[in-house]
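Here's a quick briefing on some ring contacts and a sheet.

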Amino acid sequence: MADGKNDGADYGADYDVVVAGGGPVGLFLACELRLGGAGVLVVERLAEVDETIKAGGINTAGAVALYRRGMLPELAAAWEKNLWRLRAFTGERSAGTPRATPPKFAGHFAGIMMRGDLFDDSDPAFADIGPADGVGLGVPQAELERILAARAERLGVEVRRGVELTGFDADDEGVSVHLGGDDTVRTGWLVGCDGGRSTVRKLAGFDFPGTDPEITGYQAVVEMTGGERLGVGWNTTDVGTYVNGPFPGRILTVEFDGPPADRSAPITAEELQASLRRVSGVDEVTIHEVHSSTRFTDNARQATGYRKGRVLLAGDAAHVHSPFGGQGLNLGLGDAMNLGWKLAAVVSGCAPDSLLDSYTAERHPVGAWVLDWTRAQIAVMRPDRHARALRRVVTDLALTTSGTTYLVKQISGVWQHYDLPGEHALTGQSTPDLELSDGTRLGDHLHGGRALLLDLADDPRLRARAEGYADRVDVLTAACPGRPELTALLVRPDGFVAWAADKGDEGGTGLGEALSRWFVAA
């Protein structure tokens, strides 16, 4: 992988894949493609990292994905850098030494904050997550983008900033991508990671059904006076919802008065102040300066499919929703992890392009769940009497051990699985991060972005079945004292279990079928 140019298939292209959008999802996808040997160009219209206040952290599923690529040290360093922000977010406002390890969770449902003392971390869903658990909390999106940009550079991804995709022409052999300045590059595949108002999605003609917005929301970092009269954290009023914190000057408002007339219009201090005063009822609060601000709505839409020929979508280009619950960035990282190894395998000729059908089949249900999760929160946040009655019921349920644990499972993403062939309970699940007898963990062996056959029984018949796949599947023989019932796992490059066996499953029944399903050459 000397550079990001065409390293795979020979179809007269300048690059195997062009990724439109250089945010965290586009950069992570480019890194995954590069691990698989694809030549990648990323084009991003912004000249610098977008410092606008957005996602304030990633959930367990997102952190585990980065951990599996050896990025835990960078993520942990970013977590420590933003520890003061995290302490406020999790309610640690007292003086003293910050905690040395991340909390198990932080989050809310429709502004209903969860209590850590009610969370049952012995629930099986949280077993064997490994050292990534909680590390992504409090890491701002801009910080994650910088981490991924540095990784992309190390891997040889070509990134062009300040360059906008203006159009493209796709045919059966590839895509001609038109860039600003009358530049055109030829690529085998084009992936739109260019956000909720995706140019790629619109030009390609993807269907994008969903539900219309009913709120206008603002999130901002400001200089203000009178803020001491505001409630701290999430506050529900007769008009809507507002947030004060988790750090000084950060505010958020939600009003159920329909979407804004123009989401792209500049946001003024006067506009933010008026919204904050209306929702909070505190007329003494005055905003003097705006450091960062954004508008949002609860527009919830999803592409019916994520692929049209040689054009694909990932992240917000494929699905949009309100930011409540912090699911958007995590959903996009999951898209990238799922798509990257598959598209790289197609590019290199190690898989037919029909493998890409599994991308939509696996990720579309996850996206649909996220949209409904955010819609449910809107229903609970409405200021009408029926919604407020519902909110009281949901609050009572949330303030129980089972309710809190359920909500944490959903927010953390540990529930996610794919409907894959196989009878074993682990098939289709995110692989447990097993502690192995040699002192390593399973996640340590996924850094290269390759599949892994883990032989826990020292069974030569299993290893024999993997012969012929050495260019795509690593084989490791080790013991796992903590899970003595397991004899073998076949883990896909994205960290999901394609096949598993327990004691009594002699000779690896079904392993051959799983290997050929996911890794057979075209």
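**Rings, charges and a sheet**

R310 lies over the face of W189, at 4.6 Å from the ring centre; a charge sits over a ring if NZ of Lys or CZ of Arg is within 6 Å of the ring centre and within 35 degrees of the ring normal. Keep in mind that this is a predicted model, where local features need pLDDT of at least 70 and side-chain atom pairs count only at pLDDT 80 or more, while totals for chains, interfaces and linings use all residues. Residues are numbered from 1 along each chain as its sequence is written, and side-chain values use heavy atoms, with hydrogens and water left out.

**Another charge over a ring**

- K308 lies over the face of F206, with 5.9 Å to the ring centre.

**Aromatic pairs**

- The structure holds ten aromatic pairs; rings of Phe, Tyr and Trp (its six-membered ring) pair if their centres lie within 6.5 Å, and planes under 30 degrees apart count as stacked, over 60 as edge-to-face and the rest as tilted.
- One of them is F109 with W373, an edge-to-face pair at 5.0 Å centre to centre and 65 degrees between the planes.
- F109 lies in strand 3 (residues 108-109) and W373 in helix 9 (residues 357-381), so this pair ties together parts that are 264 residues apart in sequence. (Helices, H or I with at least four residues, and strands, E with at least two, are DSSP runs numbered from the N terminus.)
- Rings of W369 and W373 are stacked, because their centres are 4.9 Å apart and their planes are at 20 degrees.
- W369 and W373 are four residues apart in helix 9, so about one helical turn separates them.
- F109 is buried, at 8% relative accessible area, and W373 is buried too, at 6% (buried means under 20%, exposed over 50%, partly exposed in between, with a 1.4 Å probe and protein chains only).
- F109, W369, W373 and W415 make up one aromatic cluster.

- Five strands form an open sheet in the order 11-12-13-10-14, with antiparallel pairing; two strands pair if DSSP finds at least two bridges between them.
- Its edge strands are strand 11 (233-236) and strand 14 (286-296), and each pairs on one side only.
- Strand 12 (residues 240-244) and strand 13 (residues 250-255) run antiparallel and are joined by five bridges.
- V243 has L252, in strand 13, as its bridge partner.
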